[in-house]
Amino acid sequence: MKQIEQFVNSIYAHLSGKEAKELKQEMRSHLLETVEELKAEGKSEQEAVSIALDRFGDEKQITRGLLTMFQSQKKFAKWLLRSAVIFLLVGLVVSVSLFMRDKTYSETLDLMDNLVQSYQTKGEFTSEDELALQDMVERNSKWFDNISYFAFIKDSEVDGKKTSEKLFTQGKKGNGESGTLSQGIIGIDNDNWYVEWEYKTYDYLKYEFLYYIFFAISGVLFILWGVVRFYNRNRLKAFA
């Protein structure tokens with residue numbers, strides 16, 4: 001029926017996409033059902049079409065207004081989706097940056113752990129060990145550039161008397177941002193070998209809150225986008 005087709009197309013003239021096609025089909029079907037009901041009551045086809053269109057005539061302006069609002073909300077939903085994706089990407093960049101920054105600290109910790117592990121079976125610290133330590137520090141300048149204080153220490157107990165000896169030191173204790181960190185191991189004769197160090201600058205997890213902020217905002221925006229999209233679809237179906 002040409003009049004019904006023209007009427008439906010006029011209402012949805014400014015909309016496109018899957019939703020518009022579905023809504024047009026629903027309205028078309030509804031009008032055709034109304035026409036068939038009127039024809040069953042004895043009306044001619046032309047009379048039935050006119051009456052069906054008259055019934056929808058009062059709703060036409062309302063429908064157009066709702067569709068205009070729908071278009072605005074659809075643009076808003078797209079903005080929410082883009083913003084959510086942007087915050088998600090920024091959050092990923094921040095998390096990778098934090099991971100790479102924190103990886104430096106974990107690599108330093110592994111280096112210190114390997115160092116004390118090598119003394120688990122040693123009972124004495126020799127001059128050769130001191131030279132080896134100095135060489136180790138120089139070879140691993142990548143990790144030691146940010147260390148303001150480093151010491152290699154041995155705690156022993158002889159005849160019930162405990163002694164602590166700093167066998168190798170570099171830098172001055174108390175100047176680093178991190179405070180004193182340590183890593184140790186018990187060697188033979190219950191000697192405790194350990195290293196302690198301080199970082200010049202220590203921002204370990206200092207910016208961790210950014211990770212949560214960006215992902216939290218992204219999550220909220222995705223939820224809002226889903227709510228707006230769901231609301232629009234259901235509301236349009238309700239008046240179609």
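Q: Hi, quick one to start: is Lys154 buried or exposed?
A: Lys154 counts as buried, at 10% relative accessibility. Buried means under 20% relative accessible area, exposed is over 50%, and partly exposed is in between, using a 1.4 Å probe and protein chains only.

Q: What kind of model is this?
A: This is a predicted model, where local features need pLDDT of at least 70, side-chain atom pairs count only at pLDDT 80 or more, and totals for chains, interfaces and linings use all residues. Residues are numbered from 1 along each chain as its sequence is written, and side-chain values use heavy atoms, with hydrogens and water left out.

Q: OK, so where is Lys154, and what does Lys154 touch?
A: Lys154 sits in strand 1. Leaving out residues up to four places away in sequence, Lys154 touches several residues, including Gly123, Glu124, Asp191 and Trp193. Contact here is heavy atoms within 4.5 Å.

Q: Switching to rings: how many aromatic pairs are there?
A: A search of the whole structure turns up 12 aromatic pairs. Rings of Phe, Tyr and Trp (its six-membered ring) pair if their centres lie within 6.5 Å; planes under 30 degrees apart count as stacked, over 60 as edge-to-face and the rest as tilted. One of the pairs is Phe87 with Phe214, which is tilted, at 6.1 Å centre to centre and 35° between the planes.

Q: Where are Phe87 and Phe214 in the chain?
A: Phe87 is in helix 3 (residues 45-117) and Phe214 is in helix 6 (residues 208-239), 127 residues apart, and the pair links distant parts of the chain. Helices (H or I, at least four residues) and strands (E, at least two) are DSSP runs, numbered from the N terminus.

Q: And why is the Phe150 and Phe168 pair called edge-to-face?
A: Because their planes are at 65°, with the ring centres 6.1 Å apart. Phe150 lies in strand 1 (residues 147-158) and Phe168 in strand 2 (residues 161-171), so the pair ties together parts 18 residues apart in sequence. Phe150 is buried at 0% relative accessible area, and Phe168 is buried at 5%.

Q: Which residues do ring pairs link into a cluster?
A: Tyr119, Phe125, Phe152 and Trp193.
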